[in-house]
Amino acid sequence: MTKLKFFLLNLYHILIDGLYDSIPILLTFIVLYFGGGGKEIGYIVSCGALVSTLCGLYTLFFSQRLNFRQILGGTALLYGIGFLANSFSPSIIYSGLFFVLAVAGHSVFHNVSFSHITYKTDRKVLGRALSDFTAYGDIGRVPLTALSAYIAGISISGIVGWRLVSFTYGTVIFVVGVILLLYKSPKKTQELSSDRPYKKRLLPSGAAIKNRNVRLAIFGSIINAFSSEQIFVFLPLLLLKKGFDHTILGSLAFGFTLGCFIGKTICGRLLDRFGTRKVFIVSQIILSFLLILLTYFGSLYLILFIALLLGIVSKGTVPVVQSMITEPLSTSEYYADIFTINGFARGVVNVLAPTFFGLIGSSVNLNFSYMIMALGALIAIIPILLIKPKS
């Protein structure tokens with residue numbers, strides 16, 4: 001991959017991840033506008049994760065038939081159509097359907113990108129490469145989520161803020177998708193989504209998880225998804241339930257996403273020095289502790305500081321997990337399969353967990369939901385401790 005293509009990929013990653021994390025912010029205001037709560041947010045996020053996960057399971061299928069530019073363009077068009085349609089949504093049901101459409105290609109894009117980077121990078125510096133790629137996505141999260149939080153709760157010229165944000169974001173990404181799909185490479189032969197020689201198959205091979213350490217790493221990754229992926233989904237609603245004004249949600253989004261960027265940048269480099277197991281275990285212990293603190297504190301400044309730290313340890317494990325699941329393999333033959341299987345497994349969790357935590361939050365309270373996440377963070381350590389280091 002050339003430097004120009006890697007730069008454009010990171011630029012695209014900034015935009016896509018920023019849009020993805022703007023959805024929980026917008027949903028918070030949408031459910032309040034139409035009348036709803038955590039349960040509705042949980043259902044919508046679960047449905048979106050389901051569709052994205054199912055599409056991600058067919059990553060090999062897409063990557064064998066589409067070049068990299070077409071995958072990027074298709075993903076952008078889905079986001080564009082979903083956000084634009086939501087700006088005219090007449091109900092929470094339609095908003096949910098439009099956001100589900102928007103995120104359909106999210107997993108495919110990330111699976112293909114992680115596979116390519118891992119295949120092309122020396123294992124000694126893989127942590128740095130993965131942390132840089134994942135951190136670039138958080139550059140987009142900081143301004144896009146913060147901006148959506150500031151505007152979504154107000155009204156401009158009689159138009160509610162979340163409709164204006166959806167229309168603006170949707171227009172920009174739709175144009176990006178059209179440009180990518182209409183652009184014709186001057187080369188006669190189009191480059192596939194990865195220059196790695198894939199075997200022709202529709203689904204990932206089961207041989208990829210015959211290694212015991214790979215299976216344990218994926219188990220740890222699954223539990224990690226349960227404990228960390230839903231933190232930001234309900235965080236805006238948690239603060240509103242604590243009595244804070246909606247105007248502070250922009251600061252919350254900024255603090256959390258800034259923490260995500262810092263965490264991915266630091267943890268990826270730490271794993272090159274200390275190894276994936278140590279970094280993962282320490283980060284999960286800190287995550288559990290912070291989630292417990294979040295439920296007890298009522299001070300705004302303390303909660304914003306905790307949100308920053310939560311971003312560091314929850315999303316900082318992303319490059320760690322991506323390195324950990326392929327570390328036991330002696331060859332790169334099954335990298336794409338491993339990323340697809342792990343992405344599917346985490347996706348299943350992301351389908352069920354939002355509904356689970358949303359129901360818990362509605363029937364008990366959101367504090368209890370975060371206590372369960374804290375317990376999950378500790379349980380995720382167990383399979384990683386069982387991994388036998390290479391001799």
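**Cavity lining and a helix pair**

Mentor: In this predicted model, 43 residues line the largest cavity, and Tyr20, His106, Glu229, Lys315 and Asn350 are the ones nearest its centre.

Trainee: How much space lies in the largest cavity?

Mentor: About 880 Å³.

Trainee: And how many cavities of 30 Å³ or more does a search of the whole structure find?

Mentor: The search finds 1.

Trainee: Which helix gives the most to the lining?

Mentor: Helix H15, residues 335-363, which supplies 8 residues to the lining of the largest cavity.

Trainee: Changing topic to helices H9 and H16. At roughly what angle do their axes cross?

Mentor: The axes of H9 (residues 212-228) and H16 (residues 366-379) cross at roughly 160° and come within 8 Å.

Trainee: So are H9 and H16 roughly parallel or roughly antiparallel?

Mentor: Roughly antiparallel, because angles over 145 degrees count as that.

Trainee: Is the crossing left-handed or right-handed?

Mentor: H9 passes H16 in a left-handed crossing.

Trainee: Which residues meet there?

Mentor: From H9, Ile223, Phe226 and Ser227. On the H16 side they meet Ile372, Met373, Gly376, Ala377 and Ile379.

Conventions. Residues numbered from 1 in each chain as written. Predicted model: local features only at pLDDT ≥ 70, side-chain atom pairs only at ≥ 80, totals over all residues. Heavy atoms only, no water. Axes fitted to C-alpha atoms, helices over the stretch in contact; angles between N-to-C directions. Helix = DSSP H or I, 4+ residues; strand = E, 2+ residues; numbered from the N terminus. Parallel < 35°, antiparallel > 145°, perpendicular 65-115°, else oblique. Left-handed = near helix turned anticlockwise from the far one by under 90°. Contact = heavy atoms within 4.5 Å. 1 Å grid on protein atoms, 1.4 Å probe; cavity = no way out; pocket = protein on both sides within 12 Å on 5 of 7 lines; lining within 4 Å. Points joined across faces, edges and corners; volume = space filled by probe spheres on them.
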